[in-house]
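Hi,

Here is the structure I promised to send over. Have a look at it first, and then read on for what turned up.

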Amino acid sequence: MSEMSENPRWYTVVLKPQLADAEGHPEHGSPLRETRVEATGDLGASGYPRYAGSGVQADIDPATGAVEAITVDGDELPLGYVAQAREGDTAGGDSMVPGEYEFEAPRATGDGKGGGAHPA
């Protein structure tokens, strides 16, 4: 990502279950929810810029794009989920149209072993 003097106006936040393959390597499942969040102009409790939209509030590090803190519909991200952010085009476009997905718990893998949690 190129360095910018200003923080991005918006991001697309994607929530995915974090699963593990047979060898235990992290593997993210299909997106369960994808939401466009816009800059609020405030800093979150984490000290990073706060972004909000469609029930999601996220503190995102503009230097790395890492989601440092997040709430979904007023609650913390459930264990076993990961939040990723894609920077929005500063001109206002995105290569993927944001959509809403039902938020549901991930299903267990075929071997019955669950994946580890990845706090966001």
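Predicted model: local features only at pLDDT ≥ 70, side-chain atom pairs only at ≥ 80, totals over all residues.

Two strands pair if DSSP finds at least two bridges between them.

**Pairing around β1**

β1 and β8 run antiparallel and are joined by seven bridges. L19 has E27 as its bridge partner in β2. β1 and β2 make a hairpin with five residues between them, and G24 in the turn has a positive phi of about 90°.

How many of the 11 residues in β1 are buried? Nine of them are, so to speak, under cover: the strand is mostly buried.

**The core**

The largest nonpolar core has 15 residues. V13, L15, V37, I60, I70, L77 and A83 are the ones that touch the most other members. As for where the core comes from, β1 (10–20), β5 (56–60), β6 (67–72) and β8 (81–87) each supply at least two residues.

**Salt bridges**

Searching the whole structure gives four salt bridges, and here are some of them.

- R33 and D73: their side chains meet at 2.8 Å, N to O. Because R33 is in strand β3 and D73 is in the loop between β6 and β7 (75–76), this pair ties together parts that are 40 residues apart in sequence. R33 counts as buried, at 6% relative accessibility, whereas D73 is partly exposed at 49%.
- D59 and R50: this salt bridge comes out at 2.5 Å, N to O. D59 is buried, with a relative accessible area of 1%, while R50 is partly exposed at 22%. The cut-off for buried is under 20%, so R50 at 22% does not count as buried.
- R36 and E38: here the side chains meet at 3.5 Å, N to O. R36 is partly exposed at 31%, and E38 is partly exposed at 42%.

Over to you!

How values were computed
Residues numbered from 1 in each chain as written. Heavy atoms only, no water. Core = buried A, V, L, I, M, F, W, Y, C linked by side-chain atoms within 4.5 Å. Buried < 20%, exposed > 50% of the residue type's maximum accessible area, 1.4 Å probe, protein only. Helix = DSSP H or I, 4+ residues; strand = E, 2+ residues; numbered from the N terminus.
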